[in-house]
Amino acid sequence: MTLSWALSSLLLAAAILAVRAAFKKRLSAGVRYALWAVLLLRLLIPGTLFHVALPVPAEPEAPVSGDPAPITEAPVLPAYDREAGAIYVPSPAPSEPPVTQAPAFKVDLRELLPLVWAVGAGAAALVFVLANLRLYLALRKGRQPLKAESGLRVFTVPGLSSSCLFGNCIYLTPEAAGDPAVLGHVLAHEEAHHRHGDHIWAMLRCAALALHWFDPLVWLCALRSRDDSELFADAGAIRTLGQDQRESYGDTVIRLSTGRGIGLLTLSAAMSARGRSLRERITLIARGSRTALPALILAAALALFAVGCAFTGPKSPEPEPDPEPAVTTPDPEPEPEPEPVQTPVTPELEPEPEPSPVIIILPDPEPEPEPEPEPPSTNPAALDTVISIGWLNPMTGEYYRHRFDGSMFNRQHTISIPNYFLLSEYTTPKDIDLFWLFYDGYNGSQATDEEKAALAKKLGREIQLDVTKVTTEQIERVLWEYALINLEQTAKKGLDRLTYLKEYDAYFLEHGDTAYEPVVFTSYGVNGQTIALTYERGRDTYTVTLRSYGSMWLFVSNVKN
């Protein structure tokens, strides 16, 4: 349930109620009943059907000054020094000393409200199912067939509070079945309900109430639409019986409305009515209902305007290019970064602040005392912060453990695609080994018998083991989602070890095992939008580096320690 869906449904419901009240005496029962169809579509169909482009205000031009615009340097990816056992992550120098705070526990309503809505919708649906199951069992238990002139099956049920249509059967009270005049009126009324499809509309109405259980205006509209269905059925019954039967038919409605009716939660269409609904039915039965053409045109125009507002949304703007380096062009070889010149700094001089990198010392089982390693060539100017796993804030470490372990990696009950990015070593995403990345296909997808036969024909031998499959489109999707590159930008490392079938535009591999295995994360280093995760796979230790890109985490490198 989205907020726009709920609000547009609320506004359309209010508009339909207003149109119905304004033209109540000038519209026939059939036209009033038809107005609810547009609201029912809005209640059952999420999203928008039409889009319009809205004008976007122009951004004010930046003032022209004599000073040139500052030039920002491209981000430098983390570098790993095997001898020092550390990852050096350059970061811009903050104007003030950074303060590390543990993430405070808070409840995100954007995540809580969908859960509350889903629980409420499920509970409402369960109530509807139980109410109709109870009515069905009660009708089946005591029903007795009755021979009557009707195209539907007719039964009498002792103790039934009101005659009704349920499914494709008409159920009568013994009092209604015992009087031939009343019997004819009731059959004409319920057959009109069946011709109008009210047993189906009742099911859709219950579905709309389950989805919008929290909206009292939707419940009010459900009551009013049921009243209009009875008015429309009365009009249909009188057309069948004849105009001379108006008075006697009205007496029958009053006579059968003394008992208790059937609730809104069921799929039945009962003939009884009470209170204001009964008075309105008797009034329309006595004088009839006709549609005034001007009122019809105005009501239709207002209804169409309300529908247009409810089903129309703004056209999504074209996404603006991200300031990150473009990846849609062919992958050029990265130019080697110039090694910075080390300038000795004396205690008497205070140089200008420079970007200060962060060193993340990887844990060593048996550390040996040794002199401080020389800074690597990435940016050794000022190393002012050292973070090891023992220095990490426990809450911060726990937060990142839950953020990646079990959510992105090591997922339960499903194959975790990011785990396959850990099966090969690479310093840039274009060097990922595609053989291991798609060793088990795409989410474990298997080849069909037809594809196996085509593979056996190309290999010139019989297929003995299982065959996994990954299409070119799936390869492009995985590379873009997790590395923001396409297949042409990679070195296509290991791709030749997979068998390509042009007729399926897919790669196949015959094997009898799986490469998927969970890993154990041991330490975490965070710097800005970059995170380095140290993990154990088998007897070896690796470090995978990720960087944030919008709502995604992209793979930067995966190296063995």
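Which residues does Glu 280 touch, not counting residues up to four places away in sequence? Glu 280 touches Arg 20, Lys 24, Arg 32 and Leu 231, where contact means heavy atoms within 4.5 Å. Glu 280 itself sits in helix α9, residues 275–287. Helices here are DSSP runs of H or I with at least four residues, strands are runs of E with at least two, and both are numbered from the N terminus. With a relative accessible area of 16%, Glu 280 is buried. Buried means under 20% relative accessible area, exposed means over 50%, and partly exposed lies in between, with a 1.4 Å probe and protein chains only.

Before I continue, a word on the basis of these values. The model is predicted, so local features need pLDDT of at least 70 and side-chain atom pairs count only at pLDDT 80 or more, while totals for chains, interfaces and linings use all residues. Residues are numbered from 1 along each chain as its sequence is written, and side-chain values use heavy atoms, with hydrogens and water left out.

I turn now to helix α1 and its partners. Helix α1 and helix α2, the latter being residues 29–44, pack at an angle of about 175° with their axes 9 Å apart. Axes are lines fitted to C-alpha atoms, for helices over the stretch in contact, and angles run from 0 to 180 degrees between N-to-C directions. The angle makes α1 roughly antiparallel to α2. The cut-offs are under 35 degrees for roughly parallel, over 145 for roughly antiparallel, 65 to 115 for roughly perpendicular, and oblique for the rest. On the α1 side, the residues in this contact include Trp 5, Leu 12, Ile 16 and Arg 20; on the α2 side, they include Arg 32, Trp 36, Leu 39 and Arg 42. By class, the contact of α1 with α2 has 12 nonpolar, 2 polar and 3 charged residues. Ala, Val, Leu, Ile, Met, Phe, Trp, Tyr, Cys and Pro count as nonpolar, Asp, Glu, Lys and Arg as charged, and the others, Gly among them, as polar.

Leu 39 is in helix α2 and, at 3% relative accessibility, counts as buried. Setting aside residues up to four places away in sequence, Leu 39 touches Ser 9, Leu 12, Ala 13, Ile 16 and Cys 221. Its C-alpha atom is separated by 9.7 Å from that of Ala 208, which is 169 residues apart from Leu 39 along the chain.

How do the axes of α1 and α7 cross? Helix α1, residues 3–22, and helix α7, residues 216–241, have axes that come within 10 Å and cross at roughly 40°. That makes α1 oblique to α7. The crossing is left-handed, a term used if the near helix is turned anticlockwise from the far one by less than a right angle, with clockwise being right-handed. Leu 10, Ala 13, Ala 14, Leu 17 and Arg 20 in α1 meet Leu 217, Leu 220, Cys 221, Arg 224 and Asp 228 in α7. By class, this contact of α1 with α7 has 7 nonpolar, no polar and 3 charged residues.

His 196 is placed in the loop between α5 (180–195) and α6 (198–211). At 18% relative accessibility, His 196 counts as buried. Its contacts, not counting residues up to four places away in sequence, are Trp 201, Phe 232 and Ala 233.

Next, the aromatic residues. The structure holds 16 aromatic pairs. One of them, Phe 435 with Trp 436, is edge-to-face, at 5.1 Å centre to centre and 80° between the planes. Rings of Phe, Tyr and Trp (its six-membered ring) pair if their centres lie within 6.5 Å; planes under 30 degrees apart count as stacked, over 60 as edge-to-face and the rest as tilted. Phe 435 is buried at 5% relative accessible area, whereas Trp 436 counts as partly exposed at 30%. One aromatic cluster is formed by Phe 409, Phe 421, Tyr 482, Phe 521, Tyr 535, Tyr 542 and Phe 555.

I close with backbone angles. Most residues other than glycine have a negative phi. Lys 492, however, has a positive phi near 55° and is found in the loop between α15 (472–483) and β13 (499–501). Asp 505 has a positive phi near 50° and lies in the loop between β13 and β14 (506–510). Lys 492 is partly exposed, with a relative accessible area of 36%, and Asp 505 counts as partly exposed at 36%.
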